[in-house]
Amino acid sequence: MEILPIKIPKKSVGFDLFRTIADSKFKFQENDILVISSKFVSMSEGSLIDLKNVKISKRAKALASRFKIDERIVQVVLQESEHIVSGIPGFLLTINNGMIAPNAGIDKSNSPPGKIILYPKDSFKSARQLCKNFLDKLGIRIGMVISDSRLMPTRIGCTGIAVGVCGFEP
């Protein structure tokens with residue numbers, strides 16, 4: 001196995017993800033597996049929330065106070081989560097799309113000021129569409145992994161997980 005990075009310039013919200021990857025000048029080959037950040041997919045899909053437009057509920061205020069989190073972020077976490085399991089200062093432990101995720105997978109560290117990035121609307125659908133575009137437009141069958149990072153209890157550093165897959169049996 002050989003792992004090669006693809007350099008892509010920083011993008012603003014709402015861009016053609018396939019065209020951006022295809023224009024990277026990387027020479028894709030049949031059966032390559034492309035791993036792409038869920039946040040980059042979300043940016044291409046325009047899945048950002050402007051925090052100044054968030055209306056805060058009583059429940060969000062209570063959770064924000066208890067866990068020392070920005071009320072606006074808590075409100076979006078509540079909207080994006082299927083269930084709040086618990087929390088620690090700075091994070092709510094949630095279930096989102098059947099996965100345990102801190103703050104429903106919302107990312108504020110890689111987002112423009114005053115905004116937060118959500119998970120892709122449907123990571124598996126996004127992966128399927130990218131695979132289809134590679135086949136239809138470039139004639140290449142590739143595998144696709146949409147990834148996210150997780151902190152794991154008792155481990156130092158982050159672990160990558162797949163939140164969407166297409167084109168091969170994972």
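**Briefing: a predicted protein model**

The mean pLDDT of the protein is 91, and 99% of its residues reach 70 or more. The model is a predicted one. Its secondary structure comes to 5 helices and 8 strands, and the C-alpha trace spans about 55 × 35 × 25 Å along the principal axes.

**Confidence along the chain**

- Confidence is lowest in strand β5, residues 99–102, where the mean is 82.
- Helix α5, residues 123–138, holds the highest confidence, at 97.

**Order of elements**

- Read from the N terminus, the elements follow the order α-β-α-β-α-α-β-β-β-β-α-β-β.

**The sheet and its strands**

- An open sheet is formed by 3 strands in the order β1-β7-β8, and its pairing is mixed.
- Strands β1 (33–37) and β8 (158–166) stand at the edges with a single partner strand each, so one side of each has no neighbour in the sheet.
- On average, neighbouring strands of this sheet are turned by 35 degrees against each other, with direction ignored.
- Strand β7, residues 143–151, runs parallel to β1, and 5 bridges join the two.
- I33 has G143 of β7 as its bridge partner.

**Helices packed on the sheet**

- Helix α2, residues 38–45, packs on the sheet and touches β1, β7 and β8.
- The direction of α2 makes about 70 degrees with that of β1.
- Helix α5 also packs on the sheet, where it touches β1, β7 and β8.
- The direction of α5 makes about 65 degrees with that of β8.

**The pair of helices α3 and α4**

- In general, two packed helices are described by the angle between their axes and the distance between the axes.
- The axes of helix α3 (residues 58–67) and helix α4 (residues 71–80) come within 8 Å and cross at roughly 120 degrees.
- With that angle, α3 and α4 are therefore oblique to each other.
- The crossing in which α3 passes α4 is right-handed.
- On the α3 side, the contact is made by R59, A60, K61, L63 and A64.
- On the α4 side, E71, V74, Q75 and L78 make the contact.
- Sorted by class, the contact of α3 with α4 has 5 nonpolar, 1 polar and 3 charged residues.

Technical notes
Residues are numbered from 1 along each chain as its sequence is written. This is a predicted model: local features need pLDDT of at least 70, side-chain atom pairs count only at pLDDT 80 or more; totals for chains, interfaces and linings use all residues. Side-chain values use heavy atoms; hydrogens and water are left out. pLDDT is the predictor's confidence in each residue, from 0 to 100. Helices (H or I, at least four residues) and strands (E, at least two) are DSSP runs, numbered from the N terminus. Axes are lines fitted to C-alpha atoms, for helices over the stretch in contact, and angles run from 0 to 180 degrees between N-to-C directions. Angles under 35 degrees count as roughly parallel, over 145 as roughly antiparallel, 65 to 115 as roughly perpendicular and the rest as oblique. A crossing is left-handed if the near helix is turned anticlockwise from the far one by less than a right angle, and right-handed if clockwise. Contact means heavy atoms within 4.5 Å. Ala, Val, Leu, Ile, Met, Phe, Trp, Tyr, Cys and Pro count as nonpolar, Asp, Glu, Lys and Arg as charged, and the others, Gly among them, as polar. Two strands pair if DSSP finds at least two bridges between them.
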